Amino acid sequence: MAPERSMAARVVPDALRLFLATETAGTLVLLAATLAGLAWANSPWDDTYETFWHTDLSLRFGEHSFALSLQHWVNDGLMAVFFFVIGLEISREVKVGQLRDRRLIAVPMAAALGGMVLPALIYYAANAGGAGAAAWGIPIASDTAFVLGLLAVIGTRCPEPLRAFLLTLSVVDDVGAILVIALFYTEDVSVPALLAAFALIGLIMALRWLYIWRAPAYVLLGFGVWVAMVESGVHPTLAGIVLGGLVVVYAPSEHKLLRAGELVQALSRDPTPELEREATRSVRRTVSVNDRLQLRLHPWTSYVIVPIFALANAGVRLDAETLRRAATSPITIGIALGLLLGKFAGVVLGTWIPLRLNWGDLPGNLVWGQIFGGAAVAGIGFTVSLFITDLAFADQALQSQAKIGIIAGSLLSAGFGWLVFRLAWDRGAVCAPPRLPDERDVSPDPLPPVTAADHARGPAAAPVTVVEYADFECPYCGKAEKTLLRLRERYGDDLRLVFRHFPLREIHPRAVPAALVAEAAADHGLFWEMHDELFRNQLALTDEDLTRYAAELGFDPWTDVEDHRARVNADRESGERSGVMGTPAFFINGTMYEGDYDFDSFSAAIDAALGSDQCRIPQQ
């Protein structure tokens, strides 16, 4: 992995863990809301269920009014926020996430496509020519919240790479479901209203182009897009997807992270209102608006919006007559079989084909037993399935049959998935054909061997060598030095530390002069003394400061500057060839270290190197 791991890349796994935690915890709330809806619809007060959700709620602006039933406010309004979050997720994955990598996306994309096509075909085969033929879109979508919730219950039998695989599959699945809704479940279109929606979207894009970042303007225009979509006949939740895709997203950059860290440090020394404002702005800019909105909205969609949707739509009468009709209804049977068999077969086939044709790779070391289990639980369809049910059927009896099919198919898929994970979770190695070299693949060069010219602390015969690429002005390098000091005390002669220069000239203007003075000190056998002095005084690296440190050690720092500059540049170039892009970057026995820089994490990595057959870094 590229060394953005030092700071920026760590944000992505943290975001993934946060998403998974929100979705899995929200599963319990969603399940409770579903059961509450079923209980309400089957209680002595069942007539109040329909009455309540069909109560009109209107907004009035003078003589103008805008009225929808409570159920439509939920399905068309609140769910637009849900689809807005999906739009944010899709945009992020496409621009900075896994959907950028062709080989990583090929397998889950094909699996998602298979998991949509086969359920639709099974359903249509059972309903061709019947009253429910047009509802083939109901079994095509998986419910991410329920799937991740079940995987959390399964626990260690479901490895992290499988969760990542299913999460990527669900993103592609969501895109497919949205396209199906837009193309096949849209009523008569009002062209003027649709043009108004496009015009408002154009205004939003113009604000982005002009770098106008005023939240009220975007909220007002976004609400206008939603109203125009409602009036146009195109389902208004599509407005959420479009608006989510327009939100600015970018990966955290080393420059922004370093700048924010330095401003916070400056604020701690001199807490003025001006520095506070600048530091606050700088910290906010390190994370994109897309990521901040996901952080704020995920809890609302998981704990409030989707559960309310379930409460408003899951209520179906489960009396003897309704169940008897559902048992022989092609709608119920088609949906249940589509979710149970179609999803499983489609995902498995969609995974096998690209692996067989060498179109892509699976994350981690997944085996077929885990793929089978993931394919089975992908048949849990709920939120989007209920959503399409409301669009596909106006008849209440047909809606009830469809909802019973969704519940039955989802329960059967959950049970099937649990059984697969119980019996075959560790069986069936995935054997893809050997991958041919791709001319677009770029691999870093091996780490240059440690030579006598390198700055080293510790014996050359030490079983573990840690090579550090660092910048004297980098605050993160300064923090890492404290960890390295403790490591030296712990491991003694078993550890050798090697320092190489990697000044970030674009961010730290004093890094190069500090490196030059350190090389001048090395000419007098004083490199480590100057190294320690510079890291103790990272905030005082002016030419005057550097000259004073050199004078205290007894040498002139400004001799042979060009020779020293060549050495510093050579260190940086060697780091770039080895894949270094930020500081600090570490190599343990020649292998890039991608963990955290705390003492425990570093110690675990060194212990692993001491206890493994890993070869020592080459010598010259």
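In helix H20, Glu-529, Met-530, Glu-533 and Leu-534 meet Leu-546, Tyr-549, Ala-550, Glu-552 and Leu-553 of helix H21, where contact means heavy atoms within 4.5 Å. This is a predicted model, in which local features need pLDDT of at least 70 and side-chain atom pairs count only at pLDDT 80 or more, while totals for chains, interfaces and linings use all residues. Residues are numbered from 1 along each chain as its sequence is written, and side-chain values use heavy atoms, with hydrogens and water left out.

Helices here (H or I, at least four residues) are DSSP runs, numbered from the N terminus. H20 spans residues 527-536 and H21 residues 543-553; they pack at an angle of about 140°, and their axes lie 11 Å apart. Axes are lines fitted to C-alpha atoms, for helices over the stretch in contact, with angles from 0 to 180 degrees between N-to-C directions. That angle makes H20 oblique to H21, since under 35 degrees counts as roughly parallel, over 145 as roughly antiparallel, 65 to 115 as roughly perpendicular and the rest as oblique.

Helix H15 (residues 368-377) is mostly covered, with nine of its ten residues buried. Among the buried ones are Trp-368, Gln-370, Ile-371 and Val-377.

Val-225, in helix H8 (residues 215-232), is buried too, at a relative accessible area of 0%. Setting aside neighbours within four places in sequence, Val-225 touches Ala-197, Leu-200, Ile-201, Ile-204, Ala-239 and Leu-243. Ile-201 sits 24 residues away along the chain, yet its C-alpha atom is 6.9 Å from that of Val-225.

As for cysteines, the structure holds zero disulfides, a disulfide being a pair of cysteine sulfur atoms within 2.5 Å. The closest cysteine sulfur to that of Cys-474 belongs to Cys-477, but at 3.4 Å it is too far for a bond. Cys-474 is buried, with a relative accessible area of 0%, and Cys-477 also counts as buried at 0%.

Note on methods: Buried means under 20% relative accessible area, exposed over 50%, partly exposed in between (1.4 Å probe, protein chains only). Helices (H or I, at least four residues) and strands (E, at least two) are DSSP runs, numbered from the N terminus.
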